[in-house]
Amino acid sequence: FQTLAAAAALVGLGALISPLAQAQSKVLLRISTPAVPDDWHGKMWTVFKDALDKSAPGEFDVQINLNATLFKQGTEPAAMARGNLELSSISAFDIAKQVPEFSLFTAGYVIRDPQHQAKVFAGPVGQEMFKLATEKMDVTLLTPIYLGTRQVNLRDVRDVKTPADLKGVKLRMPGSKEWLFLGEALGATATPLAFGEVYLGLKTGTIDGQDNPLPTVRAAKFYEVTKQLVMTNHLVDGIFIAISDKAWKAMTPAQQQKVQAAANAAAAYNNENRIKEEAAIVDFFKQQGLSVTTPDVEAFRRHVQQAYAGSDMAKTWPKGMLERINATK
Ligand code: KDO
């Protein structure tokens, strides 16, 4: 009887343990991003997870954390280096903190449009810059994604033709020196604030405006608390799906290949939908009562390019790289 009971207990325990053991043997992929659920680079993580569930059923434990609930915006690379986070989408601004050469991709009016961006990143410039980031950081960049073209979005309507018209405007930028430089180059008073605090900042008036691509202005509902979009087109922005080296190196080549394929599928989903939405989104804002104005973009381009040309940042750019980007067709 005792033996039977012991055997039964073991079987019972076994039934309990096995799903647990299974979960533990799965490859843990924790994702953290400030993206809101309704933005394309938030939704793309479901595409990533679904792709892995299909290509490697039961092999990966993908945990998606949006709205910066797991790590604060900009702290993801450090969390990945510590082994507390496996995946994120990090910006050129995040990368530039450790790899100053990457500040080239934070400069306004360098990348011309999403197609130009895709060509630059897929070609030798992208390969060299990716290699540099991978060597100098504890993360591997899997793929670039198009975040959209950044526009100025103001709380109150102003007549904005040139950078001089943004003088004194408290323009929220994410909190790093490269972001603040961009805000100042636009002629505004750059004010650092995390993405998650922008809506309230606009509502209460602690900031006068913010800049983001239009799909994000819609998804994060900034149009509810602003009255104007100034179509400066100042930064064709990109972010990069990045994985911690710790997680990447612990995977088998077959697992790496599946994760890379899932990242490519997520990027394709984001790029396709974002480009499509961006092309038609202005009407949405007009319907919401926003004034959508076109400034003297050449005046902004000149002012911004001059600011970067004379900057310390530009001294870190690999020789000839800007010219190679300009020549990419
Ligand atoms: C933002 O804070 O304005 C920004 O657009 C910066 C990007 O690099 C990226 O972090 C993005 O926010 C978030 O993913 C939220 O969309």
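Analyst: Ala, Val, Leu, Ile, Met, Phe, Trp, Tyr, Cys and Pro count as nonpolar, Asp, Glu, Lys and Arg as charged, and the others, Gly among them, as polar. On that scheme, the lining of the second largest pocket has 9 nonpolar, 3 polar and 3 charged residues. This is a predicted model, where local features need pLDDT of at least 70 and side-chain atom pairs pLDDT 80 or more, while totals for chains, interfaces and linings use all residues. Numbering runs from 1 along each chain as its sequence is written, and side-chain values use heavy atoms, without hydrogens and water.

User: Where does the ligand sit?

Analyst: In the largest pocket, with more than half of its atoms within 2 Å of the grid points. A pocket is an open set of points on a 1 Å grid over the protein atoms alone, with protein on both sides within 12 Å along at least five of seven lines; lining residues have an atom within 4 Å of a point.

User: What's around the ligand?

Analyst: With a heavy-atom cut-off of 4 Å, the residues are P34, A35, H41, Q73, S91, L147, R150, R172, P174, W179, F195 and N212. By class, this shell has 6 nonpolar, 4 polar and 2 charged residues.

User: Which polar side-chain atoms lie by a ligand oxygen?

Analyst: An N or O atom in the side chain of Q73 is 2.7 Å from an oxygen atom of the ligand. For H41, a polar side-chain atom lies 2.8 Å from a ligand oxygen, and the distance for R150 is 2.8 Å. A polar contact is a pair of N or O atoms within 3.5 Å.

User: Back to the largest pocket: how much space is in there?

Analyst: About 460 Å³, as filled by probe spheres set on the points. It is lined by 28 residues, and P34, Q73, P174, W179 and F195 are the closest to its centre. The lining divides into 10 nonpolar, 10 polar and 8 charged residues.

User: And the second largest pocket?

Analyst: About 220 Å³. Of its 15 lining residues, P34, N67, F195, G196 and E197 are the closest to the centre.

User: Change of topic. How many cavities?

Analyst: The structure holds 2 of 30 Å³ or more; in a cavity a 1.4 Å probe fits but cannot get out.

User: What lines the largest cavity?

Analyst: A92, F105, I111, Q117, F121, V236, D237, G238 and F240. By class, that is 6 nonpolar, 2 polar and 1 charged.

User: What about the second largest cavity's lining?

Analyst: L104, F105, A107, G108, Y109, V110, I111, H234, L235 and V236. This lining has 8 nonpolar, 2 polar and no charged residues.

Definitions and conventions. A polar contact is a pair of N or O atoms within 3.5 Å; within protein, one must be able to donate a hydrogen and the other to accept it, and residues adjacent in sequence count only if both atoms are side-chain atoms.
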